[in-house]
Amino acid sequence: MSNHDDSHRDHSHENDQPHGHDHPHKVNAQEQDGHEHGAHGHDHGGAHGHTHGTIDPSIIATQRGLWAIKWSFIGLFVTTLLQLAIVYFSNSIALLADTIHNFGDACTAIPLGIAFILGKRKPSKRFTYGYGRVEDLAGVVVVLTILGSAIVAGYESIQRFFYPHTVGYLWAVAAASIIGFLGNEGVAIFRIKVGKEMGSAALIADGYHARTDGIASLAVLLSVIGVWMGYRLADPIIGILMTLLILRIVWESAAAVFTRLLDGVDPDVADEIKAEARRSKGVEDVSEVRVRWLGHRMHAELNVAVGQELSVEKGHNIANQVRHDLLHKLKFLSGVTIHVDPANASGEIHHHIEEHAHGGEPVHSH
């Protein structure tokens, strides 16, 4: 219908000469229509489960959610410090592994904190999409940190298995186990309470996950009882079991973080964007839906087809309505790029340019 820049597509132009062809109109949105999308009460549907290493966007879409994450981090971090002090004096490898486990859970909030600090910076000519990707890079650092801790815990547990050490201050180790349980249970109660107030299924799921972690902390009591009864290998055995639990965290975290880095999304999201766009008045077809995460914010690109008899202005207005509808439907969708096609040339298959040459340059196509 009218001009637009095709630079975001998969093909590129090898030269700067004009090609003499028209491109349809494109509308770009980055939270511009007078109110901030991403903070209203709509959801993209479906329950969210807990994943280590990243925080579900539905939790952090509001200040209340951010407040809950901040205080959950403080609670788990204090729990970790108390356990670490007892690890130093008691020499318990099982308690060390549980401390690392709680530390891994607390670290979940670190990428979010970094992202929000950098998120205050506006996009620049070099970083035109902003700095949301830093959140994913911080997530990689967290994953590697937890992996390194798991290796240390596993190595020490195996060493203790073959070369048992005396575990001292059994009463303190038992107390640290209970502290781990109480710390996680406190975070669980807090997350579930706030989650119900917010109507956040993800935060409630996080709460129940913390409750499960608290029960895992009580496993250290088994090592205390075993050592007290004369079974010195009880401590490294529990340490190995806790190490396996930490490695599960590493696997879940890595899967979540690297999926984001590779621009992976839940396939249902793309389907929902297409379905929602088709509901907008004046849209005759929707194709080529692309979605990516930039930190905890989502950006979408799609082609919509409108009646070929419409003017550029009317096509533009339809695209704006589609954009508005999508930003309201998906609460952590912060940007939408819409490419408008005429209904008789819907989809990128109609954008293909046959092989041609410019002057003495090699034959090429787009």
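## Rings, a nonpolar patch and salt bridges

Phe 73 counts as partly exposed, because its relative accessibility is 26% (buried is under 20% relative accessible area, exposed over 50%, partly exposed in between, with a 1.4 Å probe and protein chains only). The model is predicted: local features need pLDDT of at least 70 and side-chain atom pairs pLDDT 80 or more, while totals for chains, interfaces and linings use all residues. Residues are numbered from 1 along each chain as its sequence is written, and side-chain values use heavy atoms, without hydrogens or water.

Start with the whole chain. The protein has 366 residues, and 48% of them count as buried. It contains ten helices and four strands (DSSP runs numbered from the N terminus: H or I of at least four residues for helices, E of at least two for strands). Along the sequence the order is β-α-α-α-α-α-α-α-α-α-β-β-α-β.

Now the rings. How many aromatic pairs does the structure hold? There are three (ring centres of Phe, Tyr or Trp, the last by its six-membered ring, within 6.5 Å; planes under 30 degrees apart are stacked, over 60 edge-to-face, the rest tilted). Phe 73 and Phe 77 make a stacked pair, because their ring centres are 5.7 Å apart and their planes stand at 20 degrees. Both residues belong to helix α1, which covers residues 63-90. They are four residues apart, about one turn of the helix. Phe 77 is also partly exposed, at 34% relative accessibility.

Phe 161 and Phe 162 pair in another way: their arrangement is edge-to-face. The centres lie 5.5 Å apart, with 85 degrees between the planes. Is Phe 162 buried or exposed? Phe 162 is exposed, because its relative accessible area is 58%. Phe 161 has 33% and is therefore partly exposed.

Phe 161 sits in helix α4. From here the picture widens to a nonpolar patch on the surface, which includes both Phe 161 and Phe 162. Patches take residues with over 30% relative accessible area and no salt bridge; like charges are joined within 9 Å, and nonpolar side chains (Val, Leu, Ile, Met, Phe, Trp, Tyr) within 5 Å. Other members include Leu 144, Leu 147, Ile 151, Ile 158 and Tyr 163. Among the rest are Leu 233, Ile 237, Leu 241, Leu 244 and Leu 247. Together the patch has about 1,100 Å² of accessible area (Shrake-Rupley method, 1.4 Å probe, with only the protein chains shown as cover). Which helices each supply at least two residues of the patch? They are α4 (133-162) and α8 (234-261). Helix α4 gives the most, with six residues.

Follow α8 next. Its 28 residues should span 40 Å at 1.5 Å a residue (the expected span is 1.5 Å times one less than the number of residues). The end C-alpha atoms are 40 Å apart, so the two values agree.

The protein has six salt bridges (a side-chain nitrogen of Lys or Arg within 4 Å of a carboxyl oxygen of Asp or Glu). One of them joins Arg 248 and Glu 252, at 3.6 Å from N to O. Arg 248 and Glu 252 are about one helical turn from each other, because they are four residues apart in α8. Arg 248 is partly exposed at 40% relative accessibility. Glu 252 is partly exposed too, with 24%.

Where does the chain go after α8? Just past this helix, Asp 263 takes a positive phi of about 60 degrees. The side chain of Asp 263 forms a salt bridge with Arg 292, at 3.0 Å from N to O. Asp 263 lies in the loop between α8 and α9 (267-279), and Arg 292 lies in strand β2 (residues 285-294), so this pair ties together parts 29 residues apart in sequence. Asp 263 is partly exposed at 26% relative accessibility. Arg 292, at 30%, is partly exposed as well.

Helix α9 holds Glu 276 and Arg 279, three residues apart, about one turn. These two form a salt bridge whose closest N and O atoms are 2.5 Å apart. Glu 276 is buried, because its relative accessible area is 14%. Arg 279 counts as exposed, at 59% relative accessibility.

Arg 260 lies over the face of Trp 293, 4.3 Å from the ring centre (NZ of Lys or CZ of Arg within 6 Å of the ring centre and within 35 degrees of the ring normal).
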